[in-house]
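Student: I'm new to this one and would like to take a close look at a single part of it. Could you show me the whole thing before we zoom in?

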Amino acid sequence: MNLTVVVETLPYLLRGTVSTVAIAAAVVVLGTAAGVVLGLLRFVPWTWLETVVAWVVELVRAVPLLLLIFFIFFGLPALNIRIPTFPAAVLAMSLWMAVNTSEVVRGGIKSIPRGQFEAARSTGLTGLQTMRYVIFPQAVRRMIPPFVGLCTILVKDTSLAAIIGVFELTRAAQETIERTLRSFEIYLVTAAIYFAICFPLTRFAQKAEARLHRP
Amino acid sequence: MTGGPTAYSFDWSAVARGLPYLLEGAALTVLISAVAMVLALGVGLGLAALSQVPGRLPPRMVAAYVEVFRNTPLLIQIFIVYFGLPQLGLKLSPFLSGLSALVLYAAAYNAEIFRAGLEAVPKGQFEAARSTGLTELQALRYVIVPQAVRISFPALGNNLVSLVKNSSLVSTIGMVELMFVANDISFNNFRTFEIYGAAAVLYIVLVLALTRLLRLAEERLLPAP
């Protein structure tokens, strides 16, 4: 164990951390927006659209994120679509985030009792108004714990961007290790930084979950 | 060639040529996931049992283990085992490094699932079992654990599906499985689109088959009481 190495290399790792947070933030914005749309599309009155969305979500969810990243970064240039490392990683992760968020949205909405729909419709609200004013506000509360859980997984999975060379925390650690050859200490500190971001999120999700079950 | 000199012409025969290797990789992915899951079930069950031991220290140690492994990236855990531990004199092969990292990671999730499962069985069940004359161990073995397993089964299944997908990360340290084979072929023949596409199809087949199988098992083997 060599603690001076840790102290000396910490600023560089923190620069990587800033990039990790930036990537995660971009993906949360893009992926969540797309995910909410995909999730709501599961409740449209046209069954064919619902079926198509359900299949796309199930197929994309079955592919490992690493393969999505490689497909977009190494595979798409075959179609003359060349995306640099950073946007390629953000795009792949946003796709991943979107399909998983859509499941959270669908689950949240499905957990609202049918009677709520019927009662809202019988007061004269249209289908869209029912969703907008009655169902969605109640469902959002139930979506928060799994959604925050998803964000935690996302922060951890941003480490995969390092494999195609995006500069973020894991890449910063790899570069530091190439210089110092102290892989054990550096990776341990890297893990600690990820933990410092993810653990509060996990705790928040647990508390939100517990609050749901309180009367 | 169509569409000018830079256009890519698809060569699906590359997939046909690569398919035997990709299928072998898929079989290895299944094998690695299965072995890792069996071991992770054992470790997870042990940890969950430890979390039920009276006293403060054992449950806290289990909670610490679970939180550390769930809140740090699997990729970093793999790198610590493969690149970090040799610095302390423990050098493992890519296979053993990848496998142990997958087991430790999945075990953290399994432990939490088992713990929740055990705690979801009403306390009265234990008391009733004891009052019929069963010993503590018998009550656990015949009354509590079977109910906890039924409660835990869907979450354990989801964890197995995640494990199949997460096993792709061990390709980064040179452990041979589906993702490694796909990288290997496409970096050699440059048919990245076709090969990664084929690998994606194989993962989809694996995951969809597994989810269907788990659902069937849940309905057949563990009917609701």
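Student: What percentage of the 215 residues in chain A is buried? After that, please take me to the place where α6(B) meets α8(B).

Tutor: Happy to! This is a predicted model, in which local features need pLDDT of at least 70 and side-chain atom pairs count only at pLDDT 80 or more, while totals for chains, interfaces and linings use all residues. Residues are numbered from 1 along each chain as its sequence is written, with chains lettered from A and ligands numbered from 1 in the order in which they are written.

To your question: 41% of the 215 residues in chain A are buried (20 or more other C-beta atoms within 10 Å; 12 or fewer is exposed, and in between is partly exposed). Chain A has eight helices and zero strands (DSSP runs: H or I for at least four residues, E for at least two). Its C-alpha atoms fill a box of roughly 70 × 50 × 20 Å along the principal axes. Of the chain A contacts between residues at least 6 apart in sequence, 76% link residues at least 24 apart (a contact means C-beta atoms within 7 Å).

Now for your close look, in chain B. Helix α6 spans residues 136–166 and helix α8 spans residues 192–221; they pack at an angle of about 165°, with axes 10 Å apart. The two helices are therefore roughly antiparallel to each other (an angle over 145 degrees). On the α6(B) side, the meeting residues are B:Phe153, B:Pro154, B:Gly157, B:Leu160, B:Val161, B:Val164 and B:Lys165. Facing them from α8(B) are B:Leu206, B:Val207, B:Leu210, B:Thr211, B:Leu214 and B:Glu218. Sorted by type, the residues of this contact are nine nonpolar, two polar and two charged (Ala, Val, Leu, Ile, Met, Phe, Trp, Tyr, Cys and Pro are nonpolar; Asp, Glu, Lys and Arg are charged; the others, Gly among them, are polar).

In the loop between α7 (178–189) and α8 of chain B sits B:Phe190, a residue other than glycine with a positive phi near 60°. B:Phe190 is partly exposed, with 16 other C-beta atoms within 10 Å.

A:Leu181 lies in the loop between α7 (169–180) and α8 (183–213) of chain A, and although not a glycine, A:Leu181 has a positive phi of about 60°. A:Leu181 is exposed, with 10 other C-beta atoms within 10 Å.

Terms used: Axes fitted to C-alpha atoms, helices over the stretch in contact; angles between N-to-C directions. Parallel < 35°, antiparallel > 145°, perpendicular 65-115°, else oblique. Contact = placed C-beta atoms within 7 Å.
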